[in-house]
Amino acid sequence: MSRLERVDDLIDSRLMARLDSLDVVSRKIFTGKIQGERRSRRRGQSVEFADFRNYSHGDDLRFVDWNIYARLDRLFLKLFLEEEDLSMVIAVDQSLSMEGGDPNKFDYARRLAMALGYIGLVNNNRVSLFGFGSSRIERLTGMRGRRRTREMGRWLLDRNADGVGGFTDGMRTIALGGQGRGVLLVLSDFLFPDGYDKGLAYVAGRGFDVFALQVLAPEETDPARHGLAGDLRLIDSETGRETEVTASTAVLAQYKRSLETYVAGLREFCVRRSITHQLVETSLNLDTLLLDYLRRRGLLQ
Amino acid sequence: MTPPLILSIAWLTPFAASIVALSTIPPLIALYFLRLRRARRVISSTMLWTRATQDLRANAPFQRLRFSILLLLQLLALALVILAIAQPQVDLGESQAARVVFLIDRSGSMSTLDGIDGATRLAEAKRLAADRLRALHGGGLFSGPAPAVMVIAFAKDGQLLCPFTDNVAQAIAAVEGIEPTDETTSLLDSLELARAFTTVTDPDNASPVVADPPAYELFSDGRISDLNRTVLRAGEKLVYHRIGKSTTPNAGIGALAAARNPDRPDEVQIFARVVNWGSTAYSSDLEVRVDDRLRAVTPKPIDVPASAIDARGGIQVAGETQVVFPSLSMPTGGVIEVRLAQNDALVADDRAAVIAAPPEALRVAVVGRGAFVIRSLLEGMSLASLELFALADWNAKVRADPASPDAFDVIVIDDAMPDALTRGRYLIFNAPPASAGVSPYGTKESAIVRSVRDEHPLLQYVNLDDLFIGSMQAVAAGGDIEVIVEASEGPLIMTMNRGSLTYVYVAFDPMESDWPFQRGFVNFFANAVTWLAAGGNSVADEPLAPGDVAKARLPRGAQGAMVRLPGGEEVALPGADASSISYGPLRLSGIYRMHWTESKGQLGPTQLAFAVNMNSRAEGRTETAQEINFATERVAGVQGGGLTESALWPWLLLGALAVLCAEWWVWLRRV
């Protein structure tokens with residue numbers, strides 16, 4: 001498959017049409033900076049009744065329920081849910097380890113980020129994109145509305161997977177960046193030499209509803225079926241470290257066990273911190289992922 | 001003393017091994033080079049691969065052993081290589097002893113033609129023994145010092161052909177020089193012979209010490225007659241190289257006899273017994289040849305039943321058939337030979353021969369007293385003529401014609417002594433032939449017999465236990481006189497054979513004893529007349545067995561004594577001036593003919609034939625024994641001399657190489 005060159009390569013009109021009906025679901029109700037389209041736990045001025053409470057001195061008399069006062073001769077204040085906007089942060093791993101696989105992991109992650117961002121824009125959420133993969137964090141923040149779609153696409157096309165590490169720094173930057181409370185989607189293979197735990201810990205405790213989408217290529221999930229054979233000298237694309245491997249049945253089986261252990265460890269880590277983990281293989285059709293997998297996982301509705 | 005452990009690998013085919021090594025090792029190493037050359041490949045992260053390989057390395061010694069075809073193949077290859085290097089001594093017949101004695105059977109059964117391309121068993125044994133010698137001295141990477149080897153060929157007795165030597169060429173030459181025989185098989189003599197070379201006699205030690213028990217390598221078909229008397233001593237090891245096939249049948253002539261009809265001396269009756277050692281019945285015609293001319297054939301093939309296991313003894317008993325031929329007209333002497341028309345794998349026992357003496361129409365003269373008893377005995381025999389001479393008449397006759405004694409087959413001298421005994425065959429009673437080797441020194445009274453040579457043909461059916469002699473001549477026997485009966489007072493009956501002069505001397509007057517009243521006297525008289533008429537060579541009448549020695553008495557002055565072997569070869573016999581000659585042992589069966597000239601210009605060659613027959617009862621069983629049973633030990637046979645097994649290591653290595661290739665192929669298929 002040729003690499004991505006145009007915004008249409010990221011998301012085509014057919015997919016856009018199908019995504020128009022989707023919305024991002026947050027398990028939490030967040031406080032936005034402006035009035036948005038989703039309920040907040042803060043009591044506000046929406047039309048949706050939330051509760052009553054006793055009147056106290058200084059309360060706005062407009063919210064006094066006079067019908068109850070007439071029946072009970074006591075003042076009660078009506079409380080309404082306030083509707084707020086959703087902050088949607090998409091963090092794309094652009095380290096060198098993403099530059100591999102067939103289909104390419106980085107391309108897949110950018111197309112996924114494009115589709116999720118599009119859903120966010122269409123639903124008038126505040127969408128921010130981050131690219132991490134080195135000490136330098138690249139970002140595109142504060143987008144809202146469908147008209148920002150092309151801008152978001154151009155930004156994603158300009159990204160290259162050429163960084164090294166940077167996951168922890170990237171997550172810390174996002175956590176401290178004042179993006180507001182919202183949904184954080186981390187698109188990465190999570191194969192970091194220095195580990196993923198510190199980075200995820202930064203964002204897990206900051207009020208984000210975090211979704212960890214682990215993007216792996218088929219060559220990584222089942223190397224035996226995808227041409228990995230013989231005596232090999234494997235070179236790490238990020239660190240340049242070399243590992244000599246004789247791809248015997250035993251070694252391949254052990255690799256699969258290591259991968260399963262690693263993925264299971266990541267999933268357990270996420271569960272403990274209320275992070276939703278989803279393993280995504282790049283061979284999976286993007287439509288299927290968005291319209292089936294992620295809906296079933298509760299990210300989209 | 002514990003023999004040193006020798007791991008012997010022979011380079012039997014160094015050239016072929018070099019070719020195999022050059023054609024297989026470099027490709028194999030090249031394959032391994034290919035295997036170790038790793039392809040470079042950039043991947044997203046090596047983190048998980050590093051973990052996987054580390055886990056494998058860390059856990060391998062402790063993880064549960066899983067079935068792996070690769071592991072199996074590698075273990076198999078390793079086992080084959082270890083086996084090849086270890087050279088299992090017991091199974092491969094390799095010798096660990098410092099001294100090895102090669103015992104090669106050359107008995108009659110080893111002439112059986114059931115080897116490769118119709119070769120005899122002896123040829124097969126020689127070939128295998130030579131290969132074995134080369135293997136023992138072949139050297140090699142893992143070989144120790146080669147053992148010293150001794151070569152003994154054995155049949156009826158053992159013959160040392162090569163004492164202990166390190167010179168393999170000498171030993172092989174000795175092996176290749178072994179000639180076949182038709183003798184019976186005896187191993188004990190050969191073992192004793194070998195032990196004599198391995199026993200150290202210490203003057204300070206009463207019992208001999210076996211310094212270094214040798215290993216015996218026996219190349220035989222296992223048909224050895226004296227195994228039940230043979231014991232392997234402590235430390236001695238024997239490898240029985242089985243030669244021949246265990247299914248080779250054989251039939252042969254077990255016995256042959258011929259006798260003249262007493263009523264019609266010109267006719268000869270022939271008796272034969274055919275034995276069959278095969279597991280199936282045997283059928284064949286029998287031929288009778290006289291002096292190599294076919295004289296009779298059985299009217300229909302004779303049937304011999306198959307051999308069977310004797311229910312009582314548990315031993316195998318040959319099937320037998322007796323054959324009696326119709327009388328043959330044979331007015332002269334000659335060689336009677338009986339042959340089986342259908343030859344089998346062992347030819348030597350398919351024929352047998354006897355020597356028939358000429359019909360005895362004897363001419364007898366009696367000189368001297370002519371006692372009634374003697375005359376009566378002679379008149380009772382069917383003689384051609386019987387003439388009586390007074391001593392003076394006989395002396396005059398001889399003086400007139402010195403050759404006149406030749407006109408009589410036997411001359412009986414009764415209590416008288418002619419002037420000269422120069423030629424002729426005499427039976428002499430009482431008067432000592434002082435001019436012909438006997439020295440009288442008086443007379444003795446009341447003599448009794450002290451010793452008797454029972455086996456002498458003169459004494460067949462003659463019992464002298466009750467003989468009482470009133471008076472006898474006291475004589476001293478000369479050097480060429482053979483005493484066959486000795487009394488307490490000196491020689492009593494003696495013989496002398498000087499070729500032209502032969503006599504039997506009875507040193508007493510039968511009339512002075514009770515002998516004429518005994519049956520033995522009649523038998524003795526008949527034996528003596530017959531023996532003398534045959535020239536004193538009674539041996540010619542009875543067939544010899546292979547391994548026997550043929551003896552004959554020669555006349556004084558006989559020249560050019562020769563013997564013609566069954567194959568037609570002429571061999572000069574030494575000692576022409578001796579009164580007797582001998583030749584032997586007669587290794588092969590067949591007809592041997594001795595001949596000589598009595599004296600230059602006087603008499604032509606005199607011929608004497610000997611028939612040597614292979615004893616088919618002893619050697620006719622040609623099925624190779626699978627094992628041999630000594631008195632206290634059982635030794636299983638090794639097929640083909642064990643040489644195939646000793647050359648097993650190349651096959652082991654080839655097998656290991658094949659397994660390695662299979663392992664490499666499986667490995668490739670897996671990755």
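**View 1. Parallel pairing of strands β21 and β23 in chain B of a predicted model.** In this predicted model, strand β21 (residues 363-368) of chain B runs parallel to strand β23 (residues 410-414) of chain B, and five bridges join them. Two strands count as paired when DSSP finds at least two bridges between them. B:Val366 has B:Val412 of β23(B) as its bridge partner. Strands of a sheet pair through backbone hydrogen bonds, either parallel or antiparallel. Helices (H or I, at least four residues) and strands (E, at least two) are DSSP runs, numbered from the N terminus. Residues are numbered from 1 along each chain as its sequence is written, and chains are lettered from A and ligands numbered from 1 in the order in which they are written. Local features need pLDDT of at least 70 and side-chain atom pairs count only at pLDDT 80 or more, while totals for chains, interfaces and linings use all residues.

View 2. Nine strands of chain B form an open sheet with mixed pairing, in the order β22-β21-β23-β24-β29-β28-β27-β25-β26. Strands β22 (385-389) and β26 (468-477) of chain B are the edge strands, each pairing on one side only. From one strand to the next, the twist averages 30°. Helix α8 (residues 372-380) of chain B lies across β21, β22 and β23 of chain B and runs at about 175° to β21(B). Axes are lines fitted to C-alpha atoms, for helices over the stretch in contact, and angles run from 0 to 180 degrees between N-to-C directions. Two residues are in contact if their C-beta atoms, placed from the backbone, lie within 7 Å.

**View 3. Helix α5 of chain B.** Helix α5 (residues 121-136) of chain B has 16 residues. The helix reaches 22 Å from its first C-alpha to its last, close to the 22 Å expected at 1.5 Å a residue, where the expected span is 1.5 Å times one less than the number of residues. Because 14 of the 16 residues of α5(B) are buried, the helix is largely enclosed by the rest of the structure. A residue is buried if 20 or more other C-beta atoms, placed from the backbone, lie within 10 Å of its own, exposed if 12 or fewer, and partly exposed in between.

**View 4. Confidence along chain B.** Chain B averages a pLDDT of 79, and 80% of the residues score at least 70; pLDDT is the predictor's confidence in each residue, from 0 to 100. Over residues 59-64 of chain B the pLDDT is below 50, and this stretch has zero contacts in the model beyond near neighbours in sequence.
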